[in-house]
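Here's a quick tour of one chain, starting from a single residue and then zooming out to the whole fold. Have the viewer open as you read.

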Amino acid sequence: RRVVRDLVSIDLKRIPFPDGSLDMIITSDVFEHIDKPWEAFSEVARVLKVGGYHVFTVPLSDSAPTVERAAVGMDGAVTYLLPPVYHGNPLSLRGSFVFTDFGNDIEKLLEARGFETQRFEVTNTRYGFHGTKILLSKRIR
C-alpha cells in the first residue's frame, strides 16, 4: 500500500481488506498492466460482498480472445511471449508495460471466477469517451 498526495495505491493481488467487506471496487485501465491479472480478479472477488460490483475499464478487443503478452518468472524476470507493448502514462516517458490483451472472451473468463459481467460501450464524444467499454462485474458466488 502506498499513499501519494492523499491517494492510496494498493497491490490488486493483495488487497488489504477482509473477505466480503466491500460493496464496490472501481478500476480504470489497470488490469492489463498486472502480471497474472486473474489473481487480481480473484482477489477482487474475495473482498467484494456477494452481490457487490467491480466496475472497470480495460482495452478490449471485440474480435480476438484474451492473450497473455508476458509473464514474470519466479526469479522476477519478465518473459516476453509477444513483442513488448507500452500504453501512455503521464508518470513515465516509456509508458506502462502491457502483460495482457483482453478480448471477446472476458465475460466467460470472469464467470469462471464468480462474476456475472455486462459490457457497455460509451459513445459520449463530448468527454472523449467514444468507444470506451465499461465492464460491470457482479460477484455471484
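## Ground rules

A strand here is a DSSP run of E with at least two residues, and strands are numbered from the N terminus. Keep in mind that this is a predicted model.

## Zooming in on S96

S96 sits in strand β9, which covers residues 92-97. Is S96 buried or exposed? Its relative accessibility is 19%, so S96 counts as buried, because the cut-off for buried is under 20%.

Who does S96 touch once you skip the neighbours within four places in sequence? The contacts are H33, V85, Y86, H87 and N89. With N89 there's a side-chain to side-chain polar contact at 2.8 Å. As for V85, 11 residues separate it from S96 in sequence, and the C-alpha to C-alpha distance is 8.3 Å.

## Zooming out to the chain

The chain has two helices and 12 strands. Reading from the N terminus, the order goes β-β-β-α-β-β-β-β-β-β-β-α-β-β. The radius of gyration is 16 Å, close to the 14 Å from the globule rule for 141 residues, so the chain is as compact as a globular protein of that length. Its C-alpha trace spans about 40 × 40 × 35 Å along the principal axes.

Of contacts between residues at least 6 apart in sequence, 64% link residues at least 24 apart.

## Surface and charge

Buried residues account for 30% of the 141 in the chain. The accessible surface is about 8900 Å², and carbon and sulfur atoms hold 55% of that. On the charge side, there are 18 positive and 18 negative charges, with mean positions 3 Å apart.

How values were computed
Residues numbered from 1 in each chain as written. Predicted model: local features only at pLDDT ≥ 70, side-chain atom pairs only at ≥ 80, totals over all residues. Heavy atoms only, no water. Helix = DSSP H or I, 4+ residues; strand = E, 2+ residues; numbered from the N terminus. Buried < 20%, exposed > 50% of the residue type's maximum accessible area, 1.4 Å probe, protein only. Contact = heavy atoms within 4.5 Å. Polar contact = N/O pair within 3.5 Å; in protein donor to acceptor, adjacent residues only side chain to side chain. Rg over C-alpha atoms; globule rule 2.2 N^0.38 Å. Areas by Shrake-Rupley, 256 points an atom, 1.4 Å probe, with all protein chains shown as cover. Lys, Arg positive; Asp, Glu negative; His and termini not counted. Charge placed at Lys NZ, Arg CZ, Asp CG, Glu CD.
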